[in-house]
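Here's a quick briefing to read with the model open beside you. Grab your viewer and follow along, topic by topic.

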Amino acid sequence: MKTYQTEQIRNIALLGNTGSGKTSLAESMMFEGKIIERKGTIDGKNTVSDYTEIEQQNQRSIFSTLLYTEFNNSKLNIIDTPGSDDFVGAVISSMYPTDLLVMVINAQYGVEVGTEIFNRHAEHLHKPMILAVNQLDHDKANFDATLDSLKQTFGNKVILTQYPVATGAAFDSFIDVITMKMYKFKGDTGIREEFPIPDSEMDKATELHNALIEAAAENDESLMEKFFEQGSLSEDEMRSGLSKGIASRSIMPVFCLSAAKNIGTKRLMDFIINVGPNPTHSPVLKNNNNKPITCDASAPTSLFIFKSTVEPHIGEISYFRVMSGKVTEGMDLTNANNSTKERLSQLFVVAGKNRNKVTELVAGDIGATVKLKNSKTNHTLCGPGLDFTFDPMEFPDPKFRTAVKPKNEAEVEKLGELLNRAHQEDPTILVEHSKELRQIILSGQGEFHLNILKWQLTNLHKLEIEYIAPRIPYRETITKVAQADYRHKKQSGGAGQFGEVHLVIEPYVEGAPDPVKYKVNGKEINLSVRGKEVIDLEWGGKLVFYNCIVGGAIDARFMPAILKGIMEKMEQGPLTGSYARDIRVAVYDGKMHPVDSNEISFKLAGRNAFKNAFKDAGPKIMEPIYDVEVLVPADRMGDVMSDLQNRRAIIMGMGSVKGFEVINAKVPLAELNRYSTALSSLTSGRATYTMKFASYEQVPADVQEKLLKAYQEQEEEE
């Protein structure tokens, strides 16, 4: 393959809901560019994208796939993305290296929840987007309804560049209001003929053509002046205005397609190459030193790794975009994230599992290399004289969690290694070895997301695992003042053990003054604070420890041992063994023995005094509460609301956004187990949600009673 220059390169990502036809469109694009001689199909399991066994089994994209085609003396890099929200990480990582997004819309359904989700991420990244209405040949295709849903979602940004003469089985032609021609296609060959616009369509086409010219002129003052003077623009001027409007996301042109029959693909590719942004027109990125890095092939070399995978017989493959300069085979670069050296021993352009060697890639191009030693996703590689990084990609918080363990306990270490590798390949898979819960907690974007990981571990790595319900990280605290004392005394022949501790505990309240006196059970306790230690607990909240010993009742050297004993019970609360938090402890009296007192004695005395006081201090269990936002079609709103209320949710607000209803609620984590599956079932996969930790709140009395009973039964079993 020849080396394409920056101006000849276009980088696009195909987005859209599952079933919209992204993979079929990619196949048609490669067919038009003569990269493949024959188009594959999803049913035939022979597409260039979706080439893995698990994708072919499920007949849907699960991973993002890098592809390319050559067309009109240009190179078009294409990333085919999954359509399910479960794999949103692959969609986001595909947006970063591309300059234009093609949102594929299923003409049967119009805007779907996936359309809205992916557009949100596109808005956040300020990525230009065009709209491709696909499957217009389907019997249930409805172009007008689809267009209405697009306008409802994207507003006046939506502008028609094409419209079908007919839809359904009769779809074989469309009117192009840029060129003002009708294109008619022969079967599924992609061969098209150009015809004048029929008289019956001329008024409609002219009206849309004028609207398109006006939209193009609005993005350039000089074009606007010319438009007012002449009432029209040339085709080149129109393209210039459209290009600026697309780049600023103020215009989203609409195209007509049947990717399966290769209708409209060539015209879409023409537009992307003639009007779509090339890498030099994309916003200039700034590095971590806040310096702009222009996409210039003559500049020093830098590249950004946006994806890493491990494939059998090959090892690790790193996919990158050349951010500046050029890379050549055998080039030595420095990883700016960890200061290690890397050699690009081989360079490839990639079409699915097919990798073609090249000797050079220039700024703006996308390629791959193999067997980098210390470079992963989100890393920046720099040439001599450079030492900067690009901002890492940001991914959404997880919304599905499960505990995982190998069926064979001897394979725990192997499981850990494979899960860490899975996180490197897919950063939305999070792995936590929880000391608190004594479980490996796996988090992802949905149950299907983690079930795919389970399939990979079982089938590709021969590791049998099982998912089990994750424990909930409860917290324990107190609600009132309590006092306790404890004497630890042990005599066994030689030196004995003796330590006595008197203490008071109370809830910690931010900003409260230090204690002066307490009245507990009719007894008044006066305090003189001699020392104060505020401990920010690793698991959240605080422990404030006061030394109020007067008259040498307990030697100062034993106070750390008392605190250590208290901390042991804070780490394993008396109610359910969960972490305790937000407590003030004042040690005000005690006794020592001149011979038998030692650190272990006072540690045990402090621990047991704290334990006894805790049980008298109105102990409460606290549970993690999450902020949940649900995006749901209006016709399923009632079902989703009812389900949330059954999960002890507190509805905080409702609204609507671009054709969907939005529910904001606070929901206990304990009630969110498998929620993504339940929501999908309730809405036939048309809803989605996000969840983010909010706070710890006290559990209701009936829930606390159940938790205490369950913990007691567990203790008896052990």
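In this predicted model, strand β24 (residues 400–406) pairs with β26 in the antiparallel sense, over 5 bridges.

**Around β26**

- Residue L442 is a handy landmark in β26: T402 stands opposite L442, and L442 is also the bridge partner of V431.

**The β7-β8-β9-β10 sheet**

- Here you've got 4 strands forming an open sheet, in the order β7-β8-β9-β10, with antiparallel pairing.
- Why is one side of β7 and of β10 left without a neighbour in the sheet? Both β7 (162–164) and β10 (192–195) stand at the edges with a single partner strand each, so there is no neighbour on one side of each.
- Going along this sheet, neighbouring strands are turned by 25 degrees against each other on average, direction ignored.
- Strand β7 runs antiparallel to strand β8 (residues 173–176), and 3 bridges join the two. Within that pairing, Q162 has D176 in β8 as its bridge partner.
- Helix α6 (residues 199–217) packs on the sheet and touches β7 and β8, with its direction making about 150 degrees with that of β7.
- Helix α9 (residues 265–274) lies across β7, β8, β9 (181–185) and β10, and runs at about 75 degrees to β10.

**Helix α1 against α9**

- Helix α9 has a helix partner too: helix α1 (residues 22–32) packs with α9 at an angle of about 80 degrees, their axes being 10 Å apart. That angle falls in the 65 to 115 range, so α1 and α9 are roughly perpendicular to each other.
- Which residues meet there? From α1 you get L25, S28, M29 and E32, and they meet T265, K266, L268, M269 and I272 in α9.
- Sorted by class, the contact of α1 with α9 has 5 nonpolar, 2 polar and 2 charged residues.

**Cysteines**

- How many disulfides turn up in a search of the whole structure? The count is 0.
- Take C382: the closest cysteine sulfur to its own is in C295, 15 Å away, and that's too far for a bond. The cut-off for a disulfide is a pair of cysteine sulfur atoms within 2.5 Å.
- Is C382 buried or exposed? At 1% relative accessibility, C382 counts as buried. Likewise, C548 has 3% relative accessibility and counts as buried.

- G496 lies in the loop between β29 (482–490) and β30 (497–507). With a relative accessible area of 6%, G496 is buried.
- Once you leave aside its neighbours within four places in sequence, G496 is in contact with K490, Q491, D596 and N598. As for S597, that residue and G496 are 101 residues apart in sequence, and their C-alpha atoms are 7.8 Å apart in space.
- D643 is found in helix α14 (residues 637–646). It's buried, at a relative accessible area of 16%, where under 20% counts as buried.
- Not counting residues up to four places away in sequence, D643 touches Y675 and L682.

**The chain overall**

- The chain has 16 helices and 40 strands.
- Taken along the principal axes, the C-alpha atoms fill a box of roughly 105 × 60 × 55 Å.
- Of the 718 residues in the chain, 55% count as buried.
- Looking at contacts between residues at least 6 apart in sequence, 70% join residues at least 24 apart.

Methods:
Residues numbered from 1 in each chain as written. Predicted model: local features only at pLDDT ≥ 70, side-chain atom pairs only at ≥ 80, totals over all residues. Heavy atoms only, no water. Buried < 20%, exposed > 50% of the residue type's maximum accessible area, 1.4 Å probe, protein only. Pairing = 2+ DSSP bridges. Axes fitted to C-alpha atoms, helices over the stretch in contact; angles between N-to-C directions. Contact = heavy atoms within 4.5 Å. Parallel < 35°, antiparallel > 145°, perpendicular 65-115°, else oblique. Nonpolar A, V, L, I, M, F, W, Y, C, P; charged D, E, K, R; others polar.
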